Amino acid sequence: MNRTINSFAVLILLVFFYSINASGESNIFTPEEQTYIKDKKTITVGVVDSNEPYTYFRNGNIKGYSIDFMSMIQEISGLRIEYKMGNWTNIYNSFLNGELDAINEISYTPEREKYILFSVPYHIRRTVVFVRNDSGIKPGDNLIALVGLKTGYIKDIFYSEILKKQRLNLLEYNNNVDMIKSLAFGWVDAVFVSELGGRFIARENTFSNIVSVGTLNFEGLEDEDLRIGVLKTNPVLAGIINKSIKALPETRKDKLERLWSIYNGQVFSAAESIELTPEEESFIRSRPSVSVGMLPDFYPFSFASNEQIMGYTDALLKIISRRTGIDFAYNIKPWSAILNDFRDGKTDMIADISMTEERKAFTLFTDEYARIPSYVFIRDDFGKYTDTSSLDGKKVGITKGIFFKDLINKDELSELKEYISRDEMFKDLSFGKIDAVITSLNSGSSMIKKYALLNVTIGGEFNSDERTVEDLRFGVNPELTELYSIITKTLASISQEDKILLENQWLVPQLNEIKRPALAFTEQEEEYLERKKIVRMCVDPDWMPFEKLEGGKRHTGISADFIKLMQSNSGIQIHIVPTETWAETLIKGQNRECDIISLAMRTPERMKYFNFTSPYLVIPTVIATSINDPFIDKIDDVLDKSFATVKDYAITEMLKKKYPHLKLIEVENDAESIALLQKGEVYGAIGTMAGIGYQIKQQKIVDIKISGRLEQDWELGIAARNDEPELARIFQKLVDSISEEDRNAITGKWMSIRYDQGFDYKLFWRIMGIFAVIAAVIAYWSGKLRKLNKELQTANIRLQELSDKDSLTGLYNRRFFSVSSQQAFNICQRNGIRFSVAIIDIDHFKKVNDTFGHLFGDKSLQEMGKTLLRHFQRQTDACSRFGGEEFAVFITNTGEDTLANRIENIRIEIEKKIIEMENMRTTLTISAGIYSSIPTQEDTLDDALKKADDALYKAKNEGRNRVTIWKEESE
């Protein structure tokens, strides 16, 4: 009773203080401003869509830093704020035309001051350059580092004119999300974006392969001041907004800044312990350790580096250990093995598991700690990938025991192959044993870099009919209820700030700064280095992308970057001993004319002269053949053929011993192997995936392919003379000092994954020109050139569609709709053709999300998308997801009521359709606004869209679940 009275007293005091505060705020406004607030009641503010994290649309609501700030202004002023979203150009023009009361996130310029009243700035936004972490670009570099690279920026951004004056290959984007995705997937090499925005988008999409490198000393790249703008014709509103901003307590503004700055890597303290029950404490005391099944190859969540498990999940478990005192012991195996161990009760917990109905029988699931989308990886000869229907009849690899196996449409994916090892799965993809792989983006990308699989690329997101996003959780043995309670309680104790900091560390871009692990040499090793002074090194003079001696002096390539890193870590002076061939390199090493060889593979013969470090590169051995020859399952099938291979390579030595009758033509380098193959003098060329692939890409060769692999991978480390044993021990420590981040950055720089975006017209016309001259002589080649042209055009179409499609519904996205509708409108305007547009909204969609959850909401959006696609299948029709639950359609060259009738049929179909998921079911209704006319020269697309939107607004006001056509009297 006393507690109730006390709570009531506190409530009275809060109300009292709030009323004092509120009355104080109303006194800050003049009588004229108070009258404006009373009469106006609601103002319309323009905000930019897809401008994460400042303004963006999510789950039916407008969110973001700027929206939170505007909510405080709404509270102070008493004005209700409604938002109008759109791209910057449309919003800005609507504002200047007086269609909006104010515009948000506008920066001051002297030119704009002529007609705009600016508020004081409420946030300073820093613009920086983001690149992929394999780019080699560092924060200390200058803007010249971007010359020759594809660089993205937002159309009409305030610094765009200054940017255009630079010698850069610029590409315009309408929003940050598309631009950051293009960077992560390799469509562009660098982007200009706000630092907070870039990190936020990367975090939301788990893009850990991009980094901020600062401003690159770009003088025109100034910090952006975010303000609220009002036209000079409305000084009263400008005064209200400015006074509201100034009236905001600094503590509230600081709290808002703090809330959003965590996405930018700010650090906050966290509680280091939690309150446990006596039963939970007793459990911990009775358990020396808790066993956890962990994956060795699930980057960046759980992966092995220098024989230790690292990653996001490991970091989470360390937090739990620190706060509870539990000691975790890792059981490190492939996924199917740790799942079986957990199911059989051999481990107490399992990490990175997704919830399924089947697993609930033997698992207590914690809440999810991460969600990652699944992607389809394909070979570059796959052709067009759009969705799972593209996999019909293909051999598709998945990890054994993966959560979505039972969700896959077996009619489309009838040839599934399960793998225990991701490594083997991706090698089989590269060598033609399967056609595609479904896995997470980061895991797939790390496999491509690890094994230099240059012919593997990203097809697109995996679009299952149901759940496509992997929910990562901890699973606990159902008999260990106290453990489950402890883990659940500790996860709940981790603040949102700390969760974001952890994600910033592992899942999103970091500042491009490399931390060097400390090295500790023994006293004997230090004395050896002091005596030695200089270490002489021989290299392969022509083995790109691994290494090369340019001009006989400059060492470049993958191994060169690793050696430079080792020098930087240790301070050891390394001098190059030049050679002309690999054979000469081996001879000089055997004669002790050089102390180490930078990149070599251990063989029995070489062990007579060298000690070897553990490998710092592991690369598959491949066979290249003519594109007309079949794929090779194993070399035993082609022992009667001849093959080119590099003289004195380790693999050549091994082949001679294992297949003494195999006809090997020894050459000096990979380029000569490829040349012999192209001339038809050998059946195939044997070498590394990276070496052969590099030659194919560098020389733009189109008539040969990677057609098979050998069982023996190239395990490449440093060879050190064995008469000075200290040398191998020292370089072993240097190899061990290489961090996973450094390894990924170096290998990614030379073997980075890319979409094959676009068609190279210069190359095409060069090829066609040559063809025209010698067509009579080499008519044989014309068919192959046509095939190349077709494949490249297909790839171009595939990539364009990926950039234009909404990943959830398969409909076109808003960016594509804006471009295509404008083109169609212009054609209709020039030729007197009818243009019809509809804007459609799912009624009360927020209620659906709130009642059934977002997965059910996503299912509803997908059903809406499928329905629209069934009803609009003409090539000239275009269905788009505008954002959230809003959709848009335009058609051309039809009758006045055609679109309205088709939308009405959709409305009836949707009203009757039952949306089901698990044990949940409901029905939906839609409202739509239609505008149809033959555009005059004075009409604009924006006018047509506004009239359709007005008709939609009328349909909602009249009770929803209806289609309304815009009429003149409705204005």
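What percentage of the 971 residues of the protein count as buried? The figure is 54%. The model is predicted.

**View 1. Overview of the protein, with 31 helices and 47 strands.** Take the contacts between residues at least 6 apart in sequence: 75% of them join residues at least 24 apart.

**View 2. D561 in helix α18.** The helix spans residues 558-570. D561 has a relative accessibility of 14%, so D561 counts as buried, the cut-off being under 20%. Beyond its neighbours within four places in sequence, D561 is in contact with I746, K749 and W750. R743 is 182 residues away along the chain, yet its C-alpha atom is 9.8 Å from that of D561.

**View 3. Helix α21, residues 670-679, and its two ends.** D670, S673, I674, L676 and L677 are the buried residues of this helix. They lie on the same side of α21, because their arc around the axis is only 160°. An α-helix has 3.6 residues a turn, so residues three or four places apart point the same way. N669 caps the N-terminal end of α21. A side-chain oxygen of N669 lies 3.2 Å from the backbone nitrogen of A671. Just after the helix comes G680, with a positive phi of about 80°.

View 4. The whole structure holds 25 aromatic pairs. In this one, the ring centres of Y369 and F474 are 4.7 Å apart and the planes meet at 45°, so the pair is tilted. Y369 lies in the loop between β20 and β21, and F474 in strand β26, so the pair ties together parts 105 residues apart in sequence. Both residues are buried. Y369 and F474 also belong to one aromatic cluster with F298, F301 and Y312.

**View 5. W582 and Y649, an edge-to-face pair.** The centres are 6.1 Å apart, with 70° between the planes. W582 lies in helix α19 (residues 582-590) and Y649 in the loop between β36 and α20, so the pair ties together parts 67 residues apart in sequence. W582 and Y649 are buried.

**View 6. Lysines over aromatic rings: K641 with Y683, and K947 with W966.** K641 lies over the face of Y683, 5.1 Å from the ring centre. K947 places its charged end over the ring of W966, at 4.7 Å from the centre.

Methods: Residues numbered from 1 in each chain as written. Heavy atoms only, no water. Helix = DSSP H or I, 4+ residues; strand = E, 2+ residues; numbered from the N terminus. Buried < 20%, exposed > 50% of the residue type's maximum accessible area, 1.4 Å probe, protein only. Contact = heavy atoms within 4.5 Å. Arc of directions from axis to C-beta. Polar contact = N/O pair within 3.5 Å; in protein donor to acceptor, adjacent residues only side chain to side chain. Phe/Tyr/Trp six-rings, centres within 6.5 Å; stacked < 30°, edge-to-face > 60°. Lys NZ or Arg CZ within 6 Å of the ring centre and 35° of its normal.
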